[in-house]
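Please keep the sequence and the coordinates in view while reading.

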Amino acid sequence: MPYIAMARKWRPRSFSEMVGQEHIAQTLKNAIATGNIHHAFLFTGTRGVGKTTSARILAAMLNCTGDGEQKPCGECECCRAITTGSSLDVSEFDAASNSGVEEMRELLEKTAEYPPMNSKYRALIIDEVHSLSSKAWSSMLKTLEEPPSYLIFILATTEANKIPATILSRVLRFDFKRLSPMQISKRLAFICEKEGINADPEALSIISEKADGSMRDALTIFDEVFAYCGKSITAESVQNALGIPSTSLYFELINAFAAHDAKGSFAVLENAVSTGVEVQVFLDGFIRFLRNFLYAKIGLSAGQLELSESSLDSLKSLAPTFDQGDILRIAKIIMELNEKCSSRRGLNPRLLAEAEFAKIAWLDRVANIKEALEKIENMEKVEMVAPLKEENQKKIGTKAAASNFAAGSSATSSSAAGNFHVNI
């Protein structure tokens, strides 16, 4: 049996399997349940977040003939045809490669002029719809404004700003959110369980961060890692497979900064570059390391950070070396450095990194203003109290001397009086 890529094999077949787009799923479910079905939808969002998948699920829900409450059922003829891409009533059109007016006219002739053959609705899914030419938009506009009752438009795009206002005013717009690393990790963990793959949570966290909010990218990366690691996936093996620097390098770098050791920070960078790691990739990873370091310092758990307990303990052991202000200042310098390295203005990224590393190593630690003010206030109090103590001590000494003098005079008088009495 030929291998099926994870992104295809685990493509959601219903809204209940969708990750991170619950608001859209619930809205569409309610619309279908109440019969308030709009004739045109626009799905927008970054790549790989489920726009085309949702369009197919919506088409299946509209045409599902199953008896159960679950829609789409995945069992009826319509659902199976849509899943396999053989449905005559659901057409997918790639606007990126068919952007002209002639292609659009031909498409509308096939879909708008004839009622569905085996389904209730004809669904026209147009992917990358922002690529259409202005004449193609004009050709579609009349049909989009007054479509036949059986035709449903589902438009998908990554660049909603390129859609003409005349089109936007005639569609229901749904904005798909970028997925969080935790949402992606949970989905990958579910897939690993079903596939019998043993994967460390930290390994899945690395893949999730690398995916940058795209589930499809996460599954593609997971395919690459799976080909390298097999059924046992560890954080180290993921780093080796993807060319990501080892976390131990970041611990060495932050320790070098703590010791004001510029030479040591250069050695860490040399070690990373010698293994084939790009400077910008190294900096990206260090920014995430600083983020985890800051969150570990303020008390977040391993589950919240998607780290192993041992990694969290290692970060907590660094906590006394830097205050939050120090971590934020280092992160700001590294992010500005990363931006300079990515600008590609003919500058050498390694030289830039070494210069900034030296700056961080030689910087003094951030002082806590509140603590500094309290110390100054305490010093002022001490300085004010000291003269008072000295003056009080002088007064006490003067009084004591006066008392001693008075006591001495009294004793002398008494002695003299005694002598006088004896003489008498």
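Gly 85 lies in the loop that links helix H4 (77-84) to strand E2; helices (H or I, at least four residues) and strands (E, at least two) are DSSP runs, numbered from the N terminus. With a relative accessibility of 64%, Gly 85 counts as exposed. The classes follow relative accessible area: buried is under 20%, exposed over 50%, and partly exposed in between (1.4 Å probe, protein chains only). Between Gly 85 and Arg 56 there are 9.5 Å in space, C-alpha to C-alpha, although the two are 29 residues apart in sequence.

The model is predicted: local features need pLDDT of at least 70, side-chain atom pairs count only at pLDDT 80 or more, and totals for chains, interfaces and linings use all residues. Residues are numbered from 1 along each chain as its sequence is written, and side-chain values use heavy atoms, with hydrogens and water left out.

Is Asn 63 buried or exposed? Asn 63, which belongs to helix H3 (residues 51-63), has a relative accessible area of 2% and is therefore buried. When neighbours within four places in sequence are set aside, the residues in contact with Asn 63 (heavy atoms within 4.5 Å) are Cys 78, Ile 82, Val 90, Ser 119, Lys 120 and Tyr 121.

The discussion now turns to the sheet. Five strands form an open sheet in the order E2-E3-E4-E1-E5, with parallel pairing; two strands pair if DSSP finds at least two bridges between them. Its edge strands are E2 and E5 (172-175), each of which pairs on one side only. On average, neighbouring strands of this sheet are turned by 15° against each other, direction ignored. The axes behind this value are lines fitted to C-alpha atoms, for helices over the stretch in contact, and angles run from 0 to 180 degrees between N-to-C directions.

Strand E3 (residues 122-127) is mostly covered, as five of its six residues are buried. E3 pairs in the parallel sense with E2 (residues 90-94) over five bridges, and Asp 94 stands opposite Asp 127 of E3. From E2 the chain passes through helix H5 (residues 101-112) to E3 in a right-handed β-α-β crossover. Right-handed means that, with the strands pointing away from the viewer, the path from the first strand over the helix to the second runs clockwise. E3 is also joined to the parallel strand E4 (residues 151-157) by five bridges, with Ile 154 in E4 as the bridge partner of Ile 125. Here the chain crosses from E3 through helix H6 (residues 134-145) to E4, and this β-α-β crossover is right-handed. Strand E1 (residues 40-44) pairs in parallel with E5 over four bridges, where Phe 41 stands opposite Leu 172.

In soluble globular proteins, nonpolar side chains tend to be buried together. A nonpolar core is here a set of buried Ala, Val, Leu, Ile, Met, Phe, Trp, Tyr and Cys residues joined through side-chain atoms within 4.5 Å. The largest core has 51 residues, and Phe 43, Phe 222 and Ile 233 have the most contacts inside it. Helix H10 (residues 215-229) supplies the largest share of this core, eight residues. Beyond its neighbours within four places in sequence, Phe 43 is in contact with residues including Leu 28, Leu 58, Ile 154 and Phe 174. A second, separate core has 39 residues, among them Ile 254, Leu 269, Phe 357 and Ala 358.

Overall, the chain holds 19 helices and seven strands, and 41% of its 424 residues are buried.
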